[in-house]
Amino acid sequence: MFEPILQTHNLSKRFKKRFAVSELNIEVVRGDVFGFLGPNGAGKSTTIRMLLSLINPTSGKIELFGKNLHKHRSEVLKRIGGLVEKPDFYEHISAYDNLKFIGSLFGGVPQSRIEKILEIVKLLDRMNDKVKTYSHGMKQRLGIAQALIGNPELIILDEPTSGLDPQGMKEVRELIRTLSSDHNITIFLSSHLLYEIELVSNRMAIINNGSLVIQGNVQELLNSGEHRVQIKAEPYEKAEQILKSLPFVKKTENRNNVIVVYTPLDNIPALNNSLVENSVSVSAIIPRRSLEDYFLEMTEGTSDV
Amino acid sequence: MFKIFVLESHKIFKKWRTYIGFITLAVVIPLMILAFKLEGGNFVNNATRNLQRDFIFVGNLFNAWFIAHLVMNSLFVHIPFLITLVAGDMLAGEATAGTYRILLSRPISRTKILLIKYFTIIFYTTILVGVLAVLSIGLGLIFCGDGDLLVMDRELLILPGNEIWWRFAIAYIGALCGMWVVASLAFFFSSFVENAIGPIIGTMSVLIIFLIISEMPVEFFEPVKPYLFTSYFSVWRKAFEDPVNWNQIINWITYLIAYCVGLFMYTVIYFRRKDILS
């Protein structure tokens, strides 16, 4: 059931003396929307370029669908679609002609398939317009369309919402969800936008300075370790004193009469009991741990997001 | 592969820069014909003045063939520039546009992609030389008529009209091989960089340097000359010698084709290992 379709084994890439990617081991399982998270310059794009055979690894191995990418390049790439960084196209020809050309690299794609894909990305009515007349959002959607052209089982998307306005970002995220749920396509999604990964991914890996920091289930990773818990309670001072006295609360902060404490998720019932038993009226306990907190923890504040 | 070749050709023929060469020929050749037409009589008379003392020239020597020969002489230094404009952009243009990423992450080998692109530029070069031939001979026939060919090279030679067609056919094939080498060189340079300007300037620089060395009558350069492709550029002129030195024509054309193959193979070797960072 959990069939790994993308695996890297000690994957490394060195540019002169600098390692852009070092000993990277990641695994993507069929059906995943796999978030590949890291600050700018962490090695995400280099990894993706290696996965799409644009860059040759210095050492290590890439297995896609259980086959070595280097040895079975064409066979493996037939089953993959990719969008690397900016969605660049042949601007002087139409979207339809672009897709027709890309389709020819797969051995030819019928007109009906191209039109169906353009319908999925909502560009059917503009398919005969030259790409140079497209907005950035339209090009981004066309970028996803070209990734779909070969009817892929796996799509690798490198920062697909980059440069889009909030509406465009929402549309692309919805499209990613649709591709995963309705079309059973496994998605490998790189981003430096933490909430994006949180919103669409079920599993993720964090990369920093070319090395893997951690990988796993997004919710499990978020639920492990300490959480930031916001508490609204009256009387405020008394609540703060009680919370400070609890052994499992390491730190408290006051933010506009909202007490913020840091504690593992399991301690919240005990924390609530202590307040209630001491006649403190609790109006809200909000455990929050965003991926951003987690990410910053993991990358030790080197993120530029 | 043929389908991709057709689509690749469609792609380059949708680009404005592809037509610069054709437009240039469409402007320059009629202008040259007009200028020759206005001055042509005097031009031929001056060239044959000494011979006219002893011989009577019958028929029209200032004709389409004479003009086509002159046009080839005049333009074969400039045509390479028009070719490099497109050939230099074949790979570097993909890098500039960022389209390497969509092209090279597909289930088709880089060698095949290079082969398709190479055939496309060879096709373009062939069409350009074809247009040069059709325009200069066609317009020449319309405006200046038919006749024997007066060749003014190291000596004055008049070639009979019944030999002209095959001589021109061989001349254009030889000239085309020379232009294929130029296209191959620009294509080779184009694989290294991410901007077409470098390959265009690089190819023209190599061409100018090689042409100077090839044409310079200096002993010092003699050992180098057989290795320069420009030494065989004038193969087309050999078609207008009498008698025709077939062995030399075949050898020179073979050398030029060998340069094309060699340059293409170097391109493949380099490009297969290239990291796409654009």
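P235(A) is found in the loop between β12 (226–234) and α9 (236–245) of chain A. The peptide bond that joins E234(A) and P235(A) is cis, with omega of about -5°. Chain B has a cis peptide bond as well, joining D242(B) and P243(B), with omega of about 0°. P243(B) sits in the loop between α10 (197–215) and α11 (246–273) of chain B. This is a predicted model, and each value below is computed from it.

**Backbone angles in two loops**

K16(A), at about 55°, lies in the loop between β1 (4–15) and β2 (18–24) of chain A. S279(A), with phi near 60°, belongs to the loop between α10 (268–277) and β15 (281–288) of chain A.

| Residue | Phi |
|---|---|
| K16(A) | about 55° |
| S279(A) | near 60° |

**Chain A as a whole**

Chain A holds 11 helices and 15 strands. Its C-alpha atoms fill a box of roughly 75 × 45 × 40 Å along the principal axes. Of its 305 residues, 42% count as buried. Among contacts in chain A with a separation of 6 or more, 69% are between residues 24 or more positions apart.

The mean pLDDT of chain A is 86, and 94% of its residues reach 70 or more. Confidence in this chain is highest in strand β5 (residues 59–64) of chain A, at 94, and lowest in helix α11 (residues 291–298) of chain A, at a mean of 67.

**The six-stranded sheet**

In chain A, 6 strands form an open sheet of mixed pairing, in the order β7-β8-β9-β4-β10-β11. Its edge strands, β7 and β11 (211–217) of chain A, each pair on one side only. Neighbouring strands of this sheet are turned by 15° against each other on average, direction ignored.

Within this order, strand β4 (residues 33–37) and strand β10 (residues 203–208) of chain A pair in the parallel sense over 4 bridges. In this pair, L37(A) stands opposite I206(A) in β10(A). Helix α1 (residues 44–51) of chain A packs on the sheet and touches β4, β8, β9 (186–191) and β10 of chain A. The direction of α1 makes about 150° with that of β8(A). Helix α6(A) lies across β4, β8 and β9 of chain A, running at about 155° to β9(A).

**Helix α5 of chain A**

What span should α5 (residues 136–148) of chain A have at 1.5 Å a residue? Its 13 residues should span 18 Å, and the end C-alpha atoms are 19 Å apart, which agrees. The expected span takes 1.5 Å times one less than the number of residues.

The buried residues of α5(A) are Q140(A), R141(A), L142(A), G143(A), I144(A), A145(A), Q146(A), A147(A) and L148(A). Within chain A, they pack against β7 (80–83), α3 (95–104), α4 (111–120), β8 (154–158) and α6 (166–183). They also pack against α7 (100–103) of chain B.

**The contact between the chains**

The contact takes 25 residues from chain A and 20 residues from chain B. On the side of chain A that touches chain B, the elements that give two or more residues are α2 (73–77) and α3 of chain A. Of these, α3(A) gives the most, with 4 residues. By class, this side of chain A has 12 nonpolar, 8 polar and 5 charged residues.

K100(A) is found in helix α3 of chain A. Is K100(A) buried or exposed? K100(A) counts as buried because it has 20 C-beta neighbours inside 10 Å, and 20 or more is the cut-off for that class. Leaving aside neighbours within four places in sequence, K100(A) is in contact with I114(A) and L7(B). The C-alpha atoms of K100(A) and K232(A), 132 residues apart along the chain, are separated by 59 Å.

**A hairpin in chain B**

Strand β1 (residues 149–152) and strand β2 (residues 156–159) of chain B pair in the antiparallel sense over 4 bridges. They form a hairpin with 3 residues between them. L149(B) stands opposite L159(B) in β2(B).

How values were computed. Residues are numbered from 1 along each chain as its sequence is written. Chains are lettered from A and ligands numbered from 1 in the order in which they are written. This is a predicted model: local features need pLDDT of at least 70, side-chain atom pairs count only at pLDDT 80 or more; totals for chains, interfaces and linings use all residues. A residue is buried if 20 or more other C-beta atoms lie within 10 Å of its own, exposed if 12 or fewer, and partly exposed in between; C-beta atoms are placed from the backbone. Two residues are in contact if their C-beta atoms, placed from the backbone, lie within 7 Å. Ala, Val, Leu, Ile, Met, Phe, Trp, Tyr, Cys and Pro count as nonpolar, Asp, Glu, Lys and Arg as charged, and the others, Gly among them, as polar. Two strands pair if DSSP finds at least two bridges between them. Axes are lines fitted to C-alpha atoms, for helices over the stretch in contact, and angles run from 0 to 180 degrees between N-to-C directions. pLDDT is the predictor's confidence in each residue, from 0 to 100.
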